[in-house]
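Trainee: Could you give me a close look at the pocket linings of this structure?

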Amino acid sequence: MFNSHNFDVLGSTLASTLRRWRGTMGSRKTAQPDKAPELFDREGCAHCRLVREALTELNLDAMIYPVPQGGVRHRQRLQELSGGGAVPFLYDPNTEEKVTGAQDIVTYLFRQYRAKEPPAALRESFINLTGSRLATMVRRGKGLKAAPSNTPKKPLALYSFESSPYSRLVRERLCELEIPYLLINLSKQQLADMGPAVRRLHFGEYKPLPGSKRDAFLKEHGRVQAPFLVDPNRSEGAGLFESAEILKYLNAAYAA
Ligand SMILES: N[C@@H](CCC(=O)N[C@@H](CS)C(=O)NCC(=O)O)C(=O)O
């Protein structure tokens with residue numbers, strides 16, 4: 001049955017296509033630093049998208065503090081750290097570096113964690129920003145504006161990768177509800193990782209790269225599928241698969 005959720009997934013797939021599926025494949029080499037870099041982010045912001053694409057391509061996890069338009073929850077901390085209110089803004093507790101603006105953040109992340117320059121497709125060029133703005137347009141303003149919400153006691157964790165059409169729907173809602181979360185990138189690293197969870201473009205048993213985050217995820221959950229949400233504030237404990245279920249849960253638990 002084609003319902004509004006399927007329609008949303010279709011729009012989200014188009015958004016990823018407009019960004020030519022950047023934020024899908026991730027490095028096999030980047031080592032996750034001791035502390036997760038902190039990103040003050042707005043899901044629907046064209047500039048922030050480039051930073052999240054870089055995080056996936058570096059296969060780096062980051063603590064996300066959503067700053068939607070009209071949002072207040074993380075504004076004070078953003079102001080204290082950056083001296084302003086603009087997103088994207090990155091604070092890296094490993095180096096104490098503070099960086100404002102997509103171009104500088106992406107360059108910092110690539111130099112710091114891969115010792116190289118970022119690819120041209122992640123620069124804040126006219127063409128890249130146009131694609132990213134069109135992606136925001138097809139999402140019809142989702143993940144841009146704050147919605148009334150309750151504050152979680154502890155931050156959540158989301159397993160995702162930037163171009164994942166299903167995961168984007170969850171990130172949009174987390175942003176609107178100003179819910180802080182650890183973004184764990186399950187970047188694709190080989191051909192066998194490609195395709196939807198139930199219809200991988202690969203024959204035979206699925207084997208992620210040994211020692212990778214995907215490998216650990218498969219061992220823990222018996223499958224690799226994004227999005228996967230973990231809420232330590234939830235009494236039931238276990239994490240949630242399925243974007244529609246996760247959205248239902250977030251609305252029931254945090255929308256005010
Ligand atoms: N019905 C699921 C579909 C999830 C899904 O297929 N996710 C894709 C990413 S968009 C996936 O996990 N692909 C397998 C992979 O990345 O290994 C949902 O709504 O969450």
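**The pocket linings**

Mentor: Helix H1 supplies the largest share of the lining of the largest pocket, namely 3 residues. The model is predicted, with local features requiring pLDDT of at least 70 and side-chain atom pairs pLDDT 80 or more, whereas totals for chains, interfaces and linings use all residues. Residues are numbered from 1 along each chain as its sequence is written, and side-chain values use heavy atoms, without hydrogens or water.

Two or more lining residues come from each of helix H1 (4-18), H6 and H8; helices are DSSP runs of H or I, at least four residues long. By class, this lining holds 14 nonpolar, 8 polar and 5 charged residues, with Pro counted as nonpolar and Gly as polar. The space in the pocket is about 670 Å³, a volume being that filled by probe spheres set on the points.

The second largest pocket has a volume of about 160 Å³. Its lining includes Ser-4, His-5, Asp-8, Arg-139, Lys-142, Leu-169, Glu-172, Arg-173, Glu-176, Leu-247 and Asn-251. H1, H6 and H8 each give two or more residues to this lining, and H6 has the largest share, with 4 residues. Its classes are 2 nonpolar, 3 polar and 6 charged residues.

Key:
On a 1 Å grid over the protein atoms alone, a cavity is a set of points where a 1.4 Å probe fits but cannot get out, and a pocket is an open set with protein on both sides within 12 Å along at least five of seven lines; lining residues have an atom within 4 Å of a point.
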